[in-house]
Amino acid sequence: NAGVTQTPKFQVLKTGQSMTLQCAQDMNHEYMSWYRQDPGMGLRLIHYSVGAGITDQGEVPNGYNVSRSTTEDFPLRLLSAAPSQTSVYFCASSLGLPTDTQYFGPGTRLTVL
Amino acid sequence: GIQVEQSPPDLILQEGANSTLRCNFSDSVNNLQWFHQNPWGQLINLFYIPSGTKQNGRLSATTVATERYSLLYISSSQTTDSGVYFCAPFGDGLTFGKGTHLIIQP
C-alpha cells in the first residue's frame, strides 16, 4: 500500500491564483481530512469528509473548497490564493471515524507571493 | 473548543537520556493520539490512547482522562527520536497542541 499520497510536494503561487492540492489513499478509508500547519503551531483542521459525497467544514475553512467524488480522493481547492494561505498542508485518513487512528500524507509546502 | 497545552515546548537531551512529555487538555475527550513529526516533516502516529497505558518499544504513553492529561515517556533516547511531538485529543474534532520540540544530541 502507498498509504496517503499528496501532490505536489512544493508549490509557489501568486496572489489571486487558484490551484488544487491532490490527496489520495489506497487503504479504503472512509474518513479523510485536510489540515494546515503554520510555523510553531500545531495542525488546524480545514475540511473533512466522512465518506464519498459528504464533506464538512473544520476550524479554518475560509478560502478553501473540497469535494469527495470517490472514496480514494479528496482534493483541496484554493479559490483565490492569499499570502495568509502560505503554509504546509497535510491530508489525513482513518478507517471509519475521526476518532480512529489517523494516517498522514507527506505534506505540500505552499508559498503565496 | 478544547484547549491543549503541551510542555515543555523545547527539550534538548543527550543520547541515552529519558524524558517525559506532558499534554494537558481543558475538557472531556473521546480519545487522544500522540504523533511524532520527524525533521523532514512526516507525521507518524505513535499511540491511540483514550485512557490507560500503552507501550511500544522505548516509548510508552499514559492518559488519565478524568484528570485531563496525558504523558509520553521516551527511554534511552536516540538521535532518530528528534523532532516535534504532538498530542491531539478528540473533543469536537482532533485538536492539536503546539508540540514539544525534542533534540537528541549524540
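Which strands, and in what order, make up the open sheet of 4 strands in chain A? The legends below take up this sheet and several other close-up views. Local features in this predicted model need pLDDT of at least 70 and side-chain atom pairs count only at pLDDT 80 or more, whereas totals for chains, interfaces and linings use all residues. Residues are numbered from 1 along each chain as its sequence is written, chains are lettered from A and ligands numbered from 1 in the order in which they are written, and side-chain values use heavy atoms, with hydrogens and water left out.

**View 1. The open sheet of chain A.** The order of the strands is β1-β3-β8-β7, with antiparallel pairing; strands are DSSP runs (E, at least two residues) numbered from the N terminus, and two of them pair if DSSP finds at least two bridges between them. At the edges stand β1 and β7 (64-66) of chain A, each with a single partner strand, so one side of each is left without a neighbour in the sheet. From one strand to the next the twist averages 20°, with axes taken as lines fitted to C-alpha atoms and angles running from 0 to 180 degrees between N-to-C directions. Within this sheet, β3(A) pairs with strand β8 (residues 76-78) in the antiparallel sense over 3 bridges, and A:L21 stands opposite A:L76 in β8(A).

**View 2. The open sheet of chain B.** Here 5 strands follow the order β1-β3-β8-β7-β6, again with antiparallel pairing. The edge strands of chain B are β1 (4-7) and β6 (52-56), each of which pairs on one side only, and neighbouring strands of this sheet are turned by 15° against each other on average, direction ignored. Antiparallel pairing joins β1(B) to strand β3 (residues 19-25) of chain B over 4 bridges, and the bridge partner of B:S7 in β3(B) is B:R22.

View 3. Most residues other than glycine have a negative phi, and most peptide bonds are trans. In chain A, a cis peptide bond with omega of about -5° joins A:T7 and A:P8, and A:P8 is found in the loop between β1 (4-7) and β2 (10-13). In chain B, the peptide bond from B:S7 to B:P8 is cis, with omega near -10°, and B:P8 is found in the loop between β1 and β2 (10-14). A:N28, with a positive phi near 60°, lies in the loop between β3 (19-25) and β4 (31-37) of chain A.

**View 4. The interface of chain A and chain B.** Contact (heavy atoms within 4.5 Å) links 15 residues of chain A with 16 residues of chain B. The buried area, meaning the accessible area (1.4 Å probe) that two parts lose on being put together, summed over both, is about 1300 Å², of which carbon and sulfur atoms give 60%. In chain A, A:L43, A:T99 and A:F104 lose the most area to chain B, together 36% of what that side buries. The count of salt bridges between the chains is 0, where a salt bridge is a side-chain nitrogen of Lys or Arg within 4 Å of a carboxyl oxygen of Asp or Glu.
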